[in-house]
Amino acid sequence: MSEPTGKYSITMPRDIAEAAKARSGPSGLSAYVAAAVARQIERDNLNELITVAEAEHGPVTDNEIQSLRDQLAQARSEQNQHGASAA
């Protein structure tokens, strides 16, 4: 890590701590927990952006979400077809 670090004491349920420890691998528990917290901060920031956007433009409808999912699936399909023909 290039950022300065600090030492903190946290409390969490033992089963979660043991599962995290078992999955942390060679980078260690601190790096595993730091990555998990960073992901949560990203999610919190995204939720704040969604709240602001929905307040300004209204909520996104299920139909809009499905339409975008369909467009993404189509784009991925086309990308896979072009990738297969290039190989």
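Biologist: Which residues lie nearest the centre of the largest pocket, and how many residues line it?

Modeller: This is a predicted model. The lining of the largest pocket has 17 residues, and those nearest its centre are Gly6, Tyr8, Ser30, Val33 and Ala34.

Biologist: What is the volume of the largest pocket, and how do its lining residues divide?

Modeller: The volume is about 510 Å³. Of the residues in the lining, 12 are nonpolar, four are polar and one is charged.

Biologist: Tyr8 came up there. Is Tyr8 buried or exposed?

Modeller: A residue counts as exposed when its relative accessible area is over 50%. Tyr8 has 70%, so Tyr8 is exposed. Tyr8 sits in the segment before α1, the helix spanning 14-23.

Biologist: How should I read positions along a helix?

Modeller: An α-helix has 3.6 residues a turn, so residues three or four places apart point the same way. In this model, α1 is hardly covered, with one buried residue among its 10.

Biologist: What backbone feature comes just after α1?

Modeller: Gly25 is found there, with a positive phi of about 65°.

Biologist: How far apart are Ile16 and Ser27 in sequence and in space?

Modeller: In sequence, Ile16 and Ser27 are 11 residues apart; from C-alpha to C-alpha, they are 18 Å apart in space.

Methods:
Residues are numbered from 1 along each chain as its sequence is written. This is a predicted model: local features need pLDDT of at least 70, side-chain atom pairs count only at pLDDT 80 or more; totals for chains, interfaces and linings use all residues. Side-chain values use heavy atoms; hydrogens and water are left out. Helices (H or I, at least four residues) and strands (E, at least two) are DSSP runs, numbered from the N terminus. Buried means under 20% relative accessible area, exposed over 50%, partly exposed in between (1.4 Å probe, protein chains only). On a 1 Å grid over the protein atoms alone, a cavity is a set of points where a 1.4 Å probe fits but cannot get out, and a pocket is an open set with protein on both sides within 12 Å along at least five of seven lines; lining residues have an atom within 4 Å of a point. Grid points are joined across faces, edges and corners, and a volume is the space filled by probe spheres set on the points. Ala, Val, Leu, Ile, Met, Phe, Trp, Tyr, Cys and Pro count as nonpolar, Asp, Glu, Lys and Arg as charged, and the others, Gly among them, as polar.
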